[in-house]
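Here is a friendly tour of one protein model, helix by helix. Have a look at the sequence and the structure first, and then read on.

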Amino acid sequence: MKQVTLSKENILGLIAIGLFVLMSISVPGFLSSNNLTNMMFQLPEFGLFALAMMVVIVTGGIDLSITYTAALAGVAIAILSSNGYPMIIAILGGIAVGLLCGFMNGFIIAKIGVSPILVTLGTMVLFERLILSITKGNSISGFSPEYTLIGNGYYLGLIPLSIIIFLFVAILTSVLLNKTVWGRSVYMVGSNPVASLFSGVNNSKVLMKVYLYSALLAAIASIIMTSRYNTVKVDLGSSYLLQSVAAAVLGGTEIQGGYGKVIGTLYAVMIFQMISSGLNLMGVPRPIVTVIMGVILIAVLIINFIKVKVDENKQKKLAETA
């Protein structure tokens, strides 16, 4: 019999199961078909943002512009579709706009060397102002019925199409990070960029692809959200910015970079989704729910910081005794 190692991802999976059981017992209506359906439709858009953020954090960076990248991509889709372009062209145009945002972030960070937090903070404001200038602060709605099926339709009448898209992206992300040269380079850059550079890794090229991939996932999240809500506005998905960072960190991704797994992020997304849904059913105001998410993020960061310090002290003691 092989022993099951209790990695932090496995522990998180057990916590997710335990939380589901606890919510099922203690929160009235948690197991209702309506609530479960709502969670299934909300999880993909949140999960895509969390995966996009996880990939960036693995490199030791962060993308604060991720939700506005999604919003700008959604605005592009709305404008193209309202001007008579076929829906597939509008979708491809939205993805292209998202990738352009990712290219801007990646170029300034990878080629010029500016800090990711400063770059993405700046582009966050830039994208927001650009959206406001286009929409005049109003929402754009009226997508075609075929388009709305992406976010509201079912496969075989049972599984939401958005869940299938999300699972495909999650599997693809896991394969890219764990089975490709680029994925291994991402972890190397996050662990020690100087060592990876001397190992022959093109750090700037790796980072450029990371921010492009993050923007691609944001654009896919935008497609799901705009098709689901049948509208797009400047703050589309803005509530997911804090939550995506929290989910990535709770999922085991090291905020300093070098480590992160897709499965851990998926468990964290499920945990946050269950907490959010359970608190909503209990009548907790949405601002309070956001505060609780922030408290969880701070707590996880403190725990991770303490763990790093404890590990460093252990290594020092081992080196002294050797």
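## Aromatic rings

Rings of Phe, Tyr and Trp (its six-membered ring) count as a pair if their centres lie within 6.5 Å. Keep in mind that we're looking at a predicted model. By that rule, the count comes to eight aromatic pairs. One of them is W182 with Y213, an edge-to-face pair with 6.1 Å centre to centre and 65 degrees between the planes. This pair links distant parts of the chain, with W182 in helix α8 and Y213 in helix α10, 31 residues apart. Are W182 and Y213 buried or exposed? Both are buried.

There's also an aromatic cluster, and it is formed by F46, F49, Y240 and F272.

## Where α8 meets α10

Let's stay with those two helices for a moment. Helix α8 covers residues 181-191 and helix α10 covers residues 203-229. Their axes come within 10 Å and cross at roughly 105 degrees, so α8 and α10 are roughly perpendicular to each other.

Which residues of α8 make the contact? They are W182, S185, V186 and V189, and they meet N203, V206, L207, K209, V210 and Y213 of α10. Sorted by class, this contact has seven nonpolar residues, two polar ones and one charged.

## α2 alongside α10

Helix α10 also packs with helix α2 (residues 33-58), at an angle of about 170 degrees and with the axes 8 Å apart. Angles over 145 degrees count as roughly antiparallel, and that makes α2 roughly antiparallel to α10. The crossing of α2 past α10 is left-handed.

On the α2 side, the contact residues include F41, P44, L48, F49 and A52. On the α10 side, they include V210, Y213, S214, L217, A218 and Y229.

## α3 and α4

Next up is helix α3 (residues 66-82), which packs with helix α4 (residues 87-112) at an angle of about 150 degrees, the axes being 8 Å apart. So α3 is roughly antiparallel to α4. Here the crossing is right-handed.

From α3, the contact takes in T69, L72, A73, A76, I77, L80 and S81. From α4, it takes in M87, I89, A90, I91, G93, G94, V97, G98 and C101.

I66 has a relative accessible area of 1% and is buried. Leaving aside neighbours within four places in sequence, I66 is in contact with F49, A52, M53, S214, A218 and L241. As for I108, it lies 42 residues from I66 along the chain, and the C-alpha atoms of the two are separated by 15 Å.

Now look for S244, in helix α11 (residues 240-250). Why does S244 count as buried? Because its relative accessibility is 0%, and buried means under 20%. With neighbours within four places in sequence left aside, S244 is in contact with F46, F49, A50 and M53.

Conventions. Residues numbered from 1 in each chain as written. Predicted model: local features only at pLDDT ≥ 70, side-chain atom pairs only at ≥ 80, totals over all residues. Heavy atoms only, no water. Axes fitted to C-alpha atoms, helices over the stretch in contact; angles between N-to-C directions. Helix = DSSP H or I, 4+ residues; strand = E, 2+ residues; numbered from the N terminus. Parallel < 35°, antiparallel > 145°, perpendicular 65-115°, else oblique. Contact = heavy atoms within 4.5 Å. Nonpolar A, V, L, I, M, F, W, Y, C, P; charged D, E, K, R; others polar. Buried < 20%, exposed > 50% of the residue type's maximum accessible area, 1.4 Å probe, protein only. Left-handed = near helix turned anticlockwise from the far one by under 90°. Phe/Tyr/Trp six-rings, centres within 6.5 Å; stacked < 30°, edge-to-face > 60°.
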